[in-house]
Amino acid sequence: MTETTAAGPLAPPDAAAPLAHWLDHLDRLHGQRITLGLERVRAVAQAMGPAVQPACPVVTVAGTNGKGSTCAMLEAVYRAAGYRTALYTSPHLVRFEERARLNGQPLAEAQLVPSFAAVETARQAAGDGALSYFEFTTLACVHALLAQRPDVLILEVGMGGRLDAVNVWDADVAIVTSVDLDHMEYLGPDREAIGLEKAGIWRPGRPAIVSDPMPPRSVVARALEIGADLWLAGRDFRHDGDRQQWQWQGRTRRYAGLAYPALRGANQLINAAGVLAALEALQARLPVTAQAVRQGLATVEWPGRFQVVPGQPVLVLDVAHNPHAAAALAANLDAMGFYPQTQAVFGAMADKAIEPMLRHLAPLVDRWYFCDLPTPRAAKAADLLQGWQRLGGCGERQAAQTHAGPAEALAAALAEADPAGRIVVFGSFYTVGGVLQHGLPRLGAQHLQA
């Protein structure tokens with residue numbers, strides 16, 4: 001089936017075409033439109049048959065914030081335990097291949113391209129019309145990962161849960177992290193409505209882990225309604241600690257004297273507690289030792305999540321792109337201690353609650369560098385500046401300027417930086433990814449470079 005656009009017929013690439021050609025083809029057909037619903041992706045998955053039916057346990061992770069970090073910790077612990085791990089996440093920061101990781105490393109283009117061709121063949125066989133960009137690439141990534149015969153498949157939900165393409169697979173263990181306000185035009189107007197969408201990943205009789213210490217009632221009610229095995233933070237598992245170490249207790253397992261996870265930020269302990277509950281729930285099928293837990297949490301890496309890069313000034317990278325995440329970022333920045341100057345590079349999608357995000361960071365930021373992003377969905381830098389001005393951000397202490405992209409904004413910030421200060425790059429994945437295009441920057445204020 002050859003699809004058409006306003007410009008006429010648009011044939012799919014040759015099966016051996018480079019990955020960039022496939023992605024460009026999908027972009028031109030569907031762009032980055034969000035299309036919810038499982039009918040299309042389920043029909044194509046059925047046409048693909050056993051190639052997309054996992055033979056290993058599946059862990060699915062949904063939530064507003066903390067999904068990626070939770071997935072990364074699961075991957076790290078299972079790798080430390082000697083298992084062959086497959087991880088699917090979205091979106092990516094720099095390269096598409098980041099979305100499909102085997103044993104902690106992105107799949108190569110040569111491993112992904114045959115899966116794109118397989119999805120296209122099945123899509124035509126299903127005769128069920130177009131797939132969205134996200135649906136097509138989700139099927140392709142999972143197909144490619146399963147071809148590597150992993151011991152565990154970890155899936156991050158893109159948005160919501162109930163109607164997200166990832167939910168076409170039945171989770172052996174499902175985790176819902178924090179639930180807050182984001183994507184409200186698709187998921188509903190409040191935490192209860194959004195929580196119900198997230199809880200769509202629950203399955204009858206299977207473990208349903210709730211990391212959020214204060215979940216919406218709908219998340220709990222849905223688990224009880226379908227007879228899921230509900231694990232609640234504070235009831236079925238709990239954690240506490242001091243400045244040096246922490247401990248965790250579940251239904252049958254207990255860990256004491258744990259070092260804090262390598263991922264920074266106060267919220268990571270909440271995520272880690274949910275991870276340990278999931279590990280316990282799968283212990284009979286995927287046994288994990290205490291040493292593997294310690295090693296995995298101590299070595300886990302996940303770029304762009306309160307990632308602190310030493311330098312002069314210090315660089316902080318965070319894909320906080322909603323008010324809840326921005327509040328957590330502000331708290332984490334405040335806990336870093338005193339810095340004589342804080343500069344912020346910020347770019348975001350136009351549909352985000354931008355002014356609340358700015359309000360959370362405003363007390364900490366001395367200079368703003370708003371930037372355009374390379375997608376039609378993004379807010380213009382000039383519009384971000386206007387939003388900041390509406391908050392009263394016009395004083396001498398808080399100067400602001402606009403730039404054509406994240407890299408240009410970071411360069412401008414560095415040119416005006418106090419070497420003892422810090423630069424925070426946050427907002428969309430495009431914002432953080434934009435400063436990582438050529439690798440992890442190591443900053444040195446200009447007047448220090450001899």
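Colleague: Where is the place of phenylalanine 306?

Modeller: Phenylalanine 306 sits in the loop between helix 10 (290–299) and strand 14. Helices here are DSSP runs of H or I with at least four residues, strands are runs of E with at least two, and both are numbered from the N terminus. This is a predicted model, in which local features need pLDDT of at least 70 and side-chain atom pairs count only at pLDDT 80 or more, while totals for chains, interfaces and linings use all residues. Residues are numbered from 1 along each chain as its sequence is written, and side-chain values use heavy atoms, with hydrogens and water left out.

Colleague: What is phi of phenylalanine 306, and is the residue buried or exposed?

Modeller: Most residues other than glycine have a negative phi, and most peptide bonds are trans. Phenylalanine 306 has a positive phi, near 40°. Its relative accessibility is 5%, so phenylalanine 306 counts as buried. Buried means under 20% relative accessible area, exposed over 50%, and partly exposed in between, with a 1.4 Å probe and protein chains only.

Colleague: Which value does phi of asparagine 103 take?

Modeller: Phi of asparagine 103 is near 50°, again positive in a residue other than glycine. Asparagine 103 is in the loop between strand 5 and strand 6 (105–106). Asparagine 103 has a relative accessible area of 27%, which means that it is partly exposed.

Colleague: Where are proline 91 and proline 313?

Modeller: Proline 91 belongs to the loop between strand 4 (85–88) and strand 5 (100–102). The bond from serine 90 to proline 91 is cis, with omega near -10°. Proline 313 is in the loop between strand 14 (307–309) and strand 15 (314–318), and the bond from glutamine 312 to proline 313 is cis with omega near 5°.

Colleague: How many residues of strand 3 are buried, and which way do they point?

Modeller: In a regular strand the side chains alternate between the two faces of the sheet. In strand 3 (residues 58–62), 5 of 5 residues are buried. Val58, Thr60 and Ala62 point one way, and Val59 and Val61 the other.

Colleague: Which strands do bridges join to strand 3?

Modeller: Strands pair if DSSP finds at least two bridges between them. Strand 3 runs parallel to strand 7 (residues 152–156), with 4 bridges, and threonine 60 has leucine 155 as its bridge partner there. Strand 3 is also parallel to strand 8 (residues 173–176), with 4 bridges; here valine 59 partners valine 173.

Colleague: What should the residues of helix 4 span?

Modeller: The expected span is 1.5 Å times one less than the number of residues. Helix 4 (residues 109–126) has 18 residues and should span 26 Å, which agrees with end C-alpha atoms 26 Å apart. Its buried residues include Leu112, Phe116 and Glu120.

Colleague: Which strands form the open sheet, and in what order?

Modeller: The order is 11-12-13, with antiparallel pairing. Strand 11 (238–241) and strand 13 (254–258) are the edges, each pairing on one side only. Strand 12 (residues 246–249) and strand 13 share 3 bridges, and tryptophan 246 partners leucine 258 in strand 13. Helix 9 (residues 267–281) packs on the sheet, touching strand 11, strand 12 and strand 13, and makes about 40° with strand 12. Contact means heavy atoms within 4.5 Å. Axes are lines fitted to C-alpha atoms, for helices over the stretch in contact, and angles run from 0 to 180 degrees between N-to-C directions.
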